[in-house]
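Open the model in your viewer and show the whole chain as a cartoon. The tour goes from the overall picture to single residues.

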Amino acid sequence: MRSVKVLIKDNNEKRELLSEENLAFYEEFLFYIRTDLRVDEQSGEEVLMDLLDHLLESQDEGKTGKDLFGDRPQAYADELIDALPKEKKRNVAVFVLSQMLGIAGFFSITLGIIYIALSFFLEVDTTLSLGNILTILVTVAILSLIAVSFIFKLIRSSLFRPKRSRIIEYLKAGLFGATLFAVILLLVWLVPEFGPEISLQWWMYVLFGFVLLAGDKVMDRLK
């Protein structure tokens, strides 16, 4: 049995053989199944590979994705998902934690870059209390969880629809991301300081961010 990573690698290579029309059609299925956290990842990738093989065979016979999967591809995809085994709760928790570490890592790196950029124009006080840091980290973790859930739902709702109607979804995603980032920055500014104080230089935020991203990679390997 091929592992998930091998299946994804083979899928990436085989997809290059699809025509532009069939590739666009197939990627709707791919994103729809991969962004459903209920689906067992191994089973989901195996189904995607089977779909890809069938589509390539049909393409060789001059058929399109619509000829193979019909006029209601989303209903077809839902039937496939319903028949697939459910993902273990442990793997879902690892995935969510991995996403949270990744987002928190990018946030920490961004904050460090903002601190160093501001320091060229004004004096920046980077002293923080441990209570303040803990509050911010917990909030970022919760917001990251909300962000992952929201983005996945947004992606799924935009699939199997005309491209033009997706522009609104893209705007929603951009607005949501900007709002979350603004909330986090506002939180950093407003949360009162409490507990022991420490002073972190900008490069420490960047370093901590890379540590979180490394943790993200480790969690990804645990799935």
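Two residues are in contact when heavy atoms lie within 4.5 Å. With that cut-off, look at the contacts in the protein with a separation of 6 or more: residues 24 or more positions apart account for 83% of them. Keep in mind throughout that this is a predicted model.

**Whole chain**

Colour by secondary structure. Start at the N terminus and follow the order: α-α-α-α-α-α-β-α-α-β-α.

Now zoom out. The C-alpha trace spans about 70 × 40 × 30 Å along its principal axes. The radius of gyration is 22 Å, whereas a compact globule of 223 residues would have one near 17 Å.

The protein exposes about 13600 Å². Carbon and sulfur atoms supply 65% of that area. Of the 223 residues, 39% count as buried.

Colour by charge next. There are 24 positive and 30 negative side chains. The centres of these two sets lie 3 Å apart.

**Stop 1: L18**

Select L18. It sits in the loop between α1 (4-15) and α2 (20-34). Is L18 buried or exposed? Its relative accessible area is 9%, and buried means under 20%, so L18 is buried.

Show what surrounds it. Beyond its neighbours within four places in sequence, L18 is in contact with L23, Y26, L52, L55, L56 and Q59. Pick L55 from that set and draw a C-alpha to C-alpha distance to L18. The two are 37 residues apart in sequence, and the distance reads 8.2 Å.

**Stop 2: S98**

Move to helix α6, residues 89-118, and select S98. At 4% relative accessibility, S98 is buried.

Which side chain makes a polar contact with the side chain of S98? Select D216: the contact is 2.3 Å. D216 is also among the residues that S98 touches, along with M219 and D220, when residues up to four places away in sequence are not counted.

**Stop 3: S108**

Stay in helix α6 and select S108. S108 has a relative accessible area of 6%, under the 20% limit, and therefore counts as buried.

Show its contacts. Leaving aside neighbours within four places in sequence, they are Y205, V206, F208 and G209. S108 and A182 are 74 residues apart in sequence, with their C-alpha atoms 14 Å apart in space.

**Stop 4: S199**

Finish at strand β2, residues 197-199, and select S199. How exposed is S199? Its relative accessible area is 41%.

Display its partners. Not counting residues up to four places away in sequence, S199 touches T126, T127 and M204. S199 and D125 are 74 residues apart along the chain, and their C-alpha atoms are separated by 8.5 Å.

L18 is buried at 9%. S98 is buried at 4%. S108 is buried at 6%.

Technical notes. Residues are numbered from 1 along each chain as its sequence is written. This is a predicted model: local features need pLDDT of at least 70, side-chain atom pairs count only at pLDDT 80 or more; totals for chains, interfaces and linings use all residues. Side-chain values use heavy atoms; hydrogens and water are left out. Helices (H or I, at least four residues) and strands (E, at least two) are DSSP runs, numbered from the N terminus. The radius of gyration is taken over C-alpha atoms; the globule rule is 2.2 Å times the number of residues to the power 0.38. Buried means under 20% relative accessible area, exposed over 50%, partly exposed in between (1.4 Å probe, protein chains only). Accessible areas come from the Shrake-Rupley method with a 1.4 Å probe; for residues, only the protein chains shown count as cover. Lys and Arg count as positive and Asp and Glu as negative; His and the chain ends are not counted. The place of a charge is taken as NZ of Lys, CZ of Arg, CG of Asp or CD of Glu. A polar contact is a pair of N or O atoms within 3.5 Å; within protein, one must be able to donate a hydrogen and the other to accept it, and residues adjacent in sequence count only if both atoms are side-chain atoms.
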